[in-house]
Amino acid sequence: MTEDRFTRVLQFDDAALREAARFITSGDVVAVPTETVYGLAADATSGAAVARIYQAKQRPGFNPLIVHVADLAQARAIGEIGSIAQSLVEEFWPGPLTLVVPLRVDAAIANAATAGLTTVALRMSSHRAMQALLHATGKPLAAPSANISGALSPTRAAHVLQSLGGRIPLIVDDGATQGGIESTIVAVDGGAIRLLRAGPVEVAGSVVVTDGAIEAPGQLAAHYAPTKPLRLDAAVADPNEWMIGFGAVAGDATLSATGDLREAGARLFDLLHRADASDRAKIAVASIPEYGIGNAINDRLRRAALGAAAAIA
Ligand code: TXA
Ligand code: MG
C-alpha cells in the first residue's frame, strides 16, 4: 500500500504544513526537514502510522525510531528525564542531540516506535518545518532519516524523492539542511552518559561504548551506503574514481576548501549522493581529521565504505 503512490513535493509554507498535518492526523507518513537530515515522520502514538514508516523505508522492525517532541513537557510525558538528561536538554535543545532515556510505563507511544525496548530516543529539532508540524498536529512524531534503510541519508528533498519517491505521499521541501550529519545520540541512565552515535554536537563527559555491543540497533557497521565502492584517506584519484576533496585535496568537488569541518559535515551526504550518481565507477574521499565533527564524518564514511563493500559482495 505504500508502494506505487504519487509523491508530491511542496515548498514549506502554510498550505504545505496543513497538507502535511492532514496526512499525519490520518495516520500517514510525511517527509520533513530537520536541521540535520530530512526525516520521515508519523504519529508516534499510532501503531498503524509507525508501521508505515518501517514499511516505506523497508526498515527492520528491531531498529527503533527517534521520537521528535515539540517541548520539554511532551518529552517528560514519554521518557524519564532525570537531572543529567535535564541539563543536556538545557544545553542542547532545540538542536541536534538525541537522548535515549527510560521509557515511562504510561507513555502513549506505539510499541513499534521503540521496537519494544524499555528506553526511548527523544529529540527536539530546531528546524522550523519540523517544529511547525509538531505544533500543528499536537502529536509526538516518530521520524527516522527519510531514506530506504541502509542507504545514504537525505539532506535535500531531491534525495528523499530519489530514495522514497512512489512510496510516500508528501515531501515538505525547505531546501538543503544546515547540519548535514545525523544527530548525536547519547544514552542517559542513572549517572552515566554513553555516546551511541557521534554527531554534530559533542557532549562533555560522554563515554564511547567500546565493548562491541550494538547499543543503538541502527549502528550496524555497514550503513549509510552508496552503491559504488568507496576508498577512504585518498590523496590522488584514480581515473575511474569521483573524488570528494577536503582542504588541500581539491577533488571533483570539495567538502571544504578551507578545511572547515562544520562545512564538511553539512556537505557530506550531498557529495556522496553526487559521487554515487556520477559517470565514474568508484568514489574516493580525502582524509578527514579525527576531531570535533571530524569524528562523526569519519564514522559515517567508514560505515559507507563497509556498506558499499557489502552491497557489492
Ligand atoms: O538527525 C537525526 O537523528 C535524524 C533526524 C531525522 O531526526 N534521524 C535519524 O534517525 O538519524 P535514524 O532512525 O536514521 O537513526 C536513529 C538511530 C538508530 O541507529 C536507532 O537504532 C537509534 O537511533 N535508536 C532509536 N531508539 C533507540 C533506543 N531506544 N536505544 C538505542 N538506540 C536507539
Ligand atoms: Mg538513518
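Let's start with Pro 64. At 18% relative accessibility, Pro 64 counts as buried, because buried means under 20% relative accessible area, with exposed over 50% and partly exposed in between (1.4 Å probe, protein chains only). Pro 64 sits in the loop between α2 (47-57) and β4 (66-68). Helices here are DSSP runs of H or I with at least four residues, strands are E runs of at least two, and numbering goes from the N terminus. Now look across to Ala 121.

A word on the source. This is a predicted model, where local features need pLDDT of at least 70 and side-chain atom pairs count only at pLDDT 80 or more, while totals for chains, interfaces and linings use all residues. Residues are numbered from 1 along each chain as its sequence is written, and side-chain values use heavy atoms, with hydrogens and water left out.

Next, the core. A nonpolar core is a set of buried Ala, Val, Leu, Ile, Met, Phe, Trp, Tyr and Cys residues joined through side-chain atoms within 4.5 Å. Which residues touch the most other members of the largest one? Leu 99 and Leu 122, out of 76 residues in that core. Helix α7 gives the most to this core, with 7 residues. There is also a second, separate core of 18 residues, and Ile 24, Val 30, Ala 41 and Met 130 are among them.

Stay on Leu 99. Contact means heavy atoms within 4.5 Å. Leaving out residues up to four places away in sequence, Leu 99 touches residues including Trp 93, Val 120, Ala 121, Leu 122, Val 186 and Val 188.

Now α7 itself. It covers residues 261-277, 17 residues in total. From first C-alpha to last it reaches 24 Å, close to the 24 Å expected; the expected span is 1.5 Å times one less than the number of residues. The helix bends by about 45 degrees at Arg 267. That bend is the angle between axes fitted to the seven residues ending there and the seven starting there. What caps the N-terminal end of α7? Asp 260 does, with a side-chain oxygen 2.9 Å from the backbone nitrogen of Arg 262. Buried residues in α7 include Leu 261, Leu 268, Phe 269, Asp 270, His 273 and Asp 276.

Last topic, charges. Side chains of opposite charge can pair when their charged atoms come close. A salt bridge is a side-chain nitrogen of Lys or Arg within 4 Å of a carboxyl oxygen of Asp or Glu. The count comes to 15 salt bridges.

Take Glu 19 and Arg 8: their closest N and O atoms are 2.9 Å apart. This pair links distant parts of the chain, with Glu 19 in helix α1 (residues 14-25) and Arg 8 in strand β1 (residues 8-11), 11 residues apart. Glu 19 is buried, at 17% relative accessibility. Arg 8 is partly exposed, at 34%.

Then Arg 280 and Asp 279, with closest N and O atoms 3.8 Å apart. Is Asp 279 buried or exposed? Exposed, with a relative accessible area of 74%. Arg 280 is partly exposed, at 27%.

Finally, Glu 290 forms a salt bridge with Arg 302, at 3.0 Å between the closest N and O atoms. Glu 290 lies in the loop between β15 (282-285) and α8 (293-312), and Arg 302 in helix α8.

Notes: Chains are lettered from A and ligands numbered from 1 in the order in which they are written. A polar contact is a pair of N or O atoms within 3.5 Å; within protein, one must be able to donate a hydrogen and the other to accept it, and residues adjacent in sequence count only if both atoms are side-chain atoms.
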